Amino acid sequence: MLFGRKPVMVAPEQALPGRSTPVYPVGLPHEVFGIPIDSTPDGTEVAYFALGCFWGEEKMFWNTEGVRNTAVGYQGGFTPNPTYEEVCSGLTGHTETVRVCFDPSVVAYADLVRQFFEAHDPTQGFRQGNDVGTQYRSALFVRGEQAATAQDLAAAAQEAYSAAGYGELTTEIAEGGEFFFAEDYHQQYLLKNPQGYCPIHATGVRCG
């Protein structure tokens, strides 16, 4: 294959054991919002989006009107409190994920999901562009009523992508389990490193 051996999801019994303590030092301030990265501001709801390299995706969300806090981390796998290197090994089952706290009176969850589907190629499976691996898979990790909204918008996105000549969506829609905050140097990475590489893999397909 062009990008080497095809990635496969690790089985739970083969996943790395992880650790009992977080790799992220809790309570550090967000470089944009000035509040603790791991906090949930009053009046906000939380949503989780995985759409490739989390550096560029976090920047997209912190620039979205109505978003009040963001963080990057790992979700959807089996290893507790994984490190970045462990996630990149493909042996944790996690995918790079952005935690988004948003004010629903300003921006609806449905609008964020549409943005999600338009900001990457949800048909690529275990990759986005040149980033290859299970840690780059497309996923919506949902809570409660978010599940029905995500499923409805995924169906609409499939129609849009099919009409544009793309294949089947590979986006995982699931509860996803615990979100593990990534190391501090990953948080707001593109603000700290303005020349850092992490493109948005938008296809130009509009989903509503």
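Why does Glu 86 count as buried? The points below take up that residue and then the sheet and helices of this predicted model.

1. Glu 86 has a relative accessible area of 16%. The cut-off for a buried residue is under 20%, so Glu 86 counts as buried. Its place in the chain is helix 2, which spans residues 84-88.

2. Two polar partners of the Glu 86 side chain can be named. The side chain of Arg 19 makes a polar contact of 2.8 Å with the side chain of Glu 86. The backbone nitrogen of Thr 83 lies 3.0 Å from a polar atom of that Glu 86 side chain. With neighbours within four places in sequence left aside, the residues in contact with Glu 86 are Leu 16, Arg 19, Thr 79, Asn 81, Leu 91 and Thr 92.

3. The sheet is open and has six strands, in the order 7-6-1-3-2-8, with mixed pairing. Strand 7 and strand 8 (180-181) are the edge strands, each pairing on one side only. Helix 1 packs on this sheet and touches strand 1, strand 2 and strand 3. The direction of helix 1 makes about 160 degrees with that of strand 2.

4. Helix 3 also packs on the sheet, where it touches strand 1, strand 2, strand 3 and strand 6. Its direction makes about 10 degrees with that of strand 1. Helix 3 covers residues 109-118 and is mostly covered itself, with seven of its 10 residues buried. These are Tyr 109, Ala 110, Leu 112, Val 113, Phe 116, Phe 117 and Glu 118. The elements covering them include helix 1 (54-62) and helix 4 (146-163), along with strand 1 (45-51), strand 2 (67-75), strand 3 (95-102) and strand 6 (138-141).

5. On the strand 1 side, the pairing with strand 6 is antiparallel over four bridges. Ser 138 is the bridge partner of Leu 51, and Tyr 48 stands opposite Phe 141.

6. Strand 6 also pairs with strand 7 (residues 172-174), here in the parallel sense and over three bridges. In this pairing, Phe 141 has Ala 174 of strand 7 as its bridge partner.

Terms used: Residues are numbered from 1 along each chain as its sequence is written. This is a predicted model: local features need pLDDT of at least 70, side-chain atom pairs count only at pLDDT 80 or more; totals for chains, interfaces and linings use all residues. Side-chain values use heavy atoms; hydrogens and water are left out. Buried means under 20% relative accessible area, exposed over 50%, partly exposed in between (1.4 Å probe, protein chains only). Helices (H or I, at least four residues) and strands (E, at least two) are DSSP runs, numbered from the N terminus. Contact means heavy atoms within 4.5 Å. Two strands pair if DSSP finds at least two bridges between them. Axes are lines fitted to C-alpha atoms, for helices over the stretch in contact, and angles run from 0 to 180 degrees between N-to-C directions. A polar contact is a pair of N or O atoms within 3.5 Å; within protein, one must be able to donate a hydrogen and the other to accept it, and residues adjacent in sequence count only if both atoms are side-chain atoms.
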